[in-house]
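Here's a quick look at a ligand site and what surrounds it. Have the structure open while you read.

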Amino acid sequence: MASVTLEHVYKRFGDLVAVKDQSLEIKDKEFVVLVGPSGCGKSTTLRMIAGLEEISEGDIKIGDNIVNDVAPKDRDIAMVFQNYALYPHMNVYDNMAFGLKLRKFPKDEIERRVQEAADILGIEQLLERKPKQLSGGQRQRVALGRAIVREPQVFLMDEPLSNLDAKLRVQMRTELSKLHDELQTTMIYVTHDQTEAMTMGDRIVVLKDGVIQQVDDPLSLYNHPNNMFVGGFIGSPAMNFMDAKIEKEGDTYYIDGDGTFRIRVPEDKEDYIKDYAGKDVVFGVRPEDIVDTDINHDFEVKEDNSFEADVDVVEPMGSEIYLYLAEEGHSLIARVEAESKAQTGDTISLGVDLRKIHIFDAETEECIF
Ligand code: ATP
């Protein structure tokens, strides 16, 4: 059993509370990604799991054992860092074998494990080389290899791909996911990059100011963010937010942007919004859920789900176009199909997919639907 459990964990550095009341259960064999902006406490959380940082309050369990006072080397975990931390004077084989030698593993067992890890990572031909004779991606593989040979119960990875160029990073993402499938070991991975989180994790933990905002699988997180922070952090380009008020007319509820737009609340969402009539809210819509009404879309565009906006910038991406729009003081982005003819300076009509919209409480920033 290699589940990892955090129970009401805190970390204080003097007056600063870097990790606040985190409770989390990571299942055996799960790939969990901790994601959030710089300083949100990702690394500190990981380092507490590794035993590199003391816990101020709460418990951390690996399997059924509380490990608060267990030394890092006795936790049966392996950690991979951003800077690889390879020994420059040792060749790849010795770098990978080093930890096992220290632990006095028999020579043939070391040989078997290093060869197996090298085979998994496709670095058999590099075993004699020194780190300075390797590319960034190869070094990162060696760093992974050094963790794999330990055959740990849990892998902890702190931004392991951030020193690689964009293309290699994408490739290594896939490789790490495959590696996880192959090794069937619990993995906890830290990144500030939401795309990395979305593409790799079975589940994602979104952190802000040391507090867990939401724990969910990637699609649930994307489609059902708990609050504005998660809605804005996950997804690129980011979700559009516009201040609005809920208005009731007869039996119908509208999201009113102070005369700039007026969008009908779908009938199946009215129950959520009833108590908000007359109140301030924030209207959230993802760029891909806004369409250029001149091109095909799979929903009906009527007066109560459309608005006009000026096109500020047109950014062709090849398969699609990002339109940067200005709408009476609101700036927003629409991700429209490549056939869109919209030009800078045009005023165009846009439709909103009502099935995908979100409303947030203006005060608490919590999602209403
Ligand atoms: P990044 O993505 O920039 O690495 P992070 O989310 O991993 O950020 P942490 O490194 O966990 O953030 O830091 C969380 C907070 O704790 C930050 O405000 C940081 O300045 C603070 N912090 C971290 N380590 C220490 C320390 N040893 N002493 C004092 N403050 C610290």
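## Around the ligand

Thr-44 counts as buried because its relative accessibility is 12%, where buried means under 20% relative accessible area, exposed over 50% and partly exposed in between, using a 1.4 Å probe and protein chains only. This is a predicted model, so local features need pLDDT of at least 70 and side-chain atom pairs count only at pLDDT 80 or more, while totals for chains, interfaces and linings use all residues. Residues are numbered from 1 along each chain as its sequence is written, and side-chain values use heavy atoms, with hydrogens and water left out.

Thr-44 sits in helix 1; helices here are DSSP runs of H or I with at least four residues, strands are runs of E with at least two, and both are numbered from the N terminus. Leaving aside residues up to four places away in sequence, Thr-44 touches Lys-11, Phe-13, Ala-18, Val-19 and Glu-53 (contact means heavy atoms within 4.5 Å).

Thr-44 is also one of the residues around the ligand, including Pro-37, Cys-40 and Glu-159, each with a heavy atom within 4 Å of it. Polar contacts, meaning pairs of N or O atoms within 3.5 Å, include these:

| Residue | Polar atom | Distance to a ligand oxygen |
|---|---|---|
| Gly-41 | backbone | 3.0 Å |
| Lys-42 | side chain | 2.8 Å |
| Ser-43 | side chain | 2.8 Å |

The protein covers 57% of the 630 Å² of accessible area that the ligand has on its own (Shrake-Rupley, 1.4 Å probe). Strand 2 (16–26) and helix 1 (42–50) each give two or more residues to the shell, and helix 1 gives the most, with three.

Terms used:
Polar contact = N/O pair within 3.5 Å; in protein donor to acceptor, adjacent residues only side chain to side chain.
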